[in-house]
Amino acid sequence: MDGTLKLWSVVAIVGLLNYVSRLSFIALFARRRVPPLAVRAFRYVPAAMLTALVLPMIVGTPGDAAFAPAPKIVAAAVAGIVAFFTHNTLKTLGAGMLTLWALQAALGTIG
Amino acid sequence: MRRIASDPDFREGFAEMVPACVAMAPFGLVCGVGAAAAGASVWGAIGLSAIVFSGAAQILAVQLLAAGAPLAVIVATCFVAGLRFVIYSAAMAPYLRPLPARWQQGLAFLLTDQAFAAAVRRFDAGADPHAGGRHFLGGGFALWLFWQATNVAGYFLGNVIPASWSLDFAVPLCFIALVAPHFRTSPTIAAAVVAGIAVVALSGLPMRLNLIAAGVIGIVAGTLADFTRERWTAR
């Protein structure tokens, strides 16, 4: 498939599916009863999905030379504690980046 | 258009979202850099950020495009990563029910992690639905506008940003800011821990399929932990 066509297919299909997800309960199922099991399972979607999404960005892939880099793990833990107590994205970002930069400077590495 | 732009609730929503927009700027830059690295044209990059309007889906899409993954895999992965919008939609639905269908359809497009968090705070503080809707529109529009600006900036600045800044790390930090405050109940922690172990353990799967698998396994784990907790507290 041609690269440009593939990119625009992704834009159109993912854009549409994301919009359907966003619209789902606001407009489409607004008057429908949701099965209790689905309601229960839905509660755990953000925690499971966001963790699955974020963890590889921090630890990398097992077997890689740079697997589980200590500075990123420590910085992520600091950011997690700040996020838990402040609920503030800007403070979380600041705490995480400053910790990472400090550790990288101390250890003389980028990674 | 001018009438809504001078509306006090709209303006308040816009202004209150500016700190979150600033916090999302590095993430937007990384998305723009990724689109350029995947070989997208500037219009392709803008299409992705303006229409998909989800950092997680955009990052996954450009990584999988760059890796030459089939269209079906890219679409499935981005869809699963965007399933959390269904939850946000369900949570927003009662607040938006009094609004006209057009407003519901428009606001749904602007439903993102940050807009959702801000809207729930506002509505829980007892805002009138119509004022709350205009407030949501202001905040959602601010995010959309800043998101396009930072994505385009990232597209063109990709080679200028030094690697030593580790700008990429801003992406997981934005998600940590979203997910860490959830870790207050044992089923939620179970869902996250199991999903985290699964995503690393299954990283041998091709084309990031470990993300979908780990997400599903984590959701099942959270639900089972929820049933178990209920049985314990019922005793």
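Me: Is A:R40 buried or exposed, and what is its relative accessible area?
Reply: In this predicted model, a residue counts as buried when its relative accessible area is under 20%. A:R40 falls under that cut-off, so it is classed as buried, with a relative accessible area of 15%.

Me: With which side chain of chain B does A:R40 meet in a salt bridge?
Reply: The side chain of A:R40 takes part in a salt bridge in which N and O are 3.0 Å apart, and the partner is B:D226. A:R40 lies in helix α2 (residues 36–42) of chain A, whereas its partner lies in helix α12 (residues 209–234) of chain B, so the pair joins two chains. The partner is itself buried, with a relative accessible area of 4%, and the residue asked for is B:D226.

Me: How many residues apart are B:E12 and B:R122?
Reply: These two residues form a salt bridge, with their closest N and O atoms 3.1 Å apart. B:E12 belongs to helix α2 (residues 8–37) of chain B and B:R122 to helix α8 (residues 113–124) of chain B, which makes this a link between distant parts of the chain.

Me: Which residues do salt bridges that share partners join into one network?
Reply: B:E12 is partly exposed, at 34% relative accessibility, while B:R122 is buried, with a relative accessible area of 19%. Both belong to one network joined by salt bridges that share partners, and its members are B:D7, B:D9, B:E12, B:R122 and B:R134.

Me: How many salt bridges are there over all chains?
Reply: A pair is counted when a side-chain nitrogen of Lys or Arg lies within 4 Å of a carboxyl oxygen of Asp or Glu. The pair of B:D226 and A:R40 is one that meets this condition, and over all chains the count comes to eight.

Me: With which residues is B:Q104 in contact, leaving aside its neighbours within four places in sequence?
Reply: B:Q104 lies in helix α7 (residues 101–109) of chain B, and at 10% relative accessibility it counts as buried. Once those sequence neighbours are left aside, its contacts include residues of chain A as well as of chain B, namely A:L23, A:I26, A:A27, B:L96, B:R97 and B:L99.

Me: What is the radius of gyration of chain B?
Reply: Chain B has 12 helices and zero strands, and its C-alpha trace spans about 60 × 55 × 35 Å along its principal axes. For its 235 residues the globule rule gives 18 Å, and the value for chain B is close to this, so the chain is as compact as a globular protein of that length. The radius of gyration of chain B is 19 Å.

Me: What is the radius of gyration of chain A?
Reply: Chain A contains five helices and zero strands, and its C-alpha trace spans about 55 × 45 × 30 Å along the principal axes. The globule rule gives 13 Å for 111 residues, and the value for chain A is well over this, so chain A is more spread out than a compact globule. The radius of gyration of chain A is 20 Å.

Me: What share of the contacts in chain A with a separation of 6 or more comes from residues 24 or more positions apart?
Reply: In chain B, residues 24 or more positions apart account for 79% of the contacts with a separation of 6 or more, and 54% of its residues count as buried. In chain A, 42% of the residues count as buried, and the share of contacts asked for is 25%.

Me: How far apart are the mean positions of the positive and negative charges of chain B?
Reply: The accessible surface of chain B comes to about 10200 Å², with 68% of it belonging to carbon and sulfur atoms. Chain B carries 14 positive and 10 negative charges, and the distance between their mean positions is 4 Å.

Terms used: Residues numbered from 1 in each chain as written. Chains lettered and ligands numbered in written order. Predicted model: local features only at pLDDT ≥ 70, side-chain atom pairs only at ≥ 80, totals over all residues. Heavy atoms only, no water. Helix = DSSP H or I, 4+ residues; strand = E, 2+ residues; numbered from the N terminus. Rg over C-alpha atoms; globule rule 2.2 N^0.38 Å. Buried < 20%, exposed > 50% of the residue type's maximum accessible area, 1.4 Å probe, protein only. Contact = heavy atoms within 4.5 Å. Areas by Shrake-Rupley, 256 points an atom, 1.4 Å probe, with all protein chains shown as cover. Lys, Arg positive; Asp, Glu negative; His and termini not counted. Charge placed at Lys NZ, Arg CZ, Asp CG, Glu CD.
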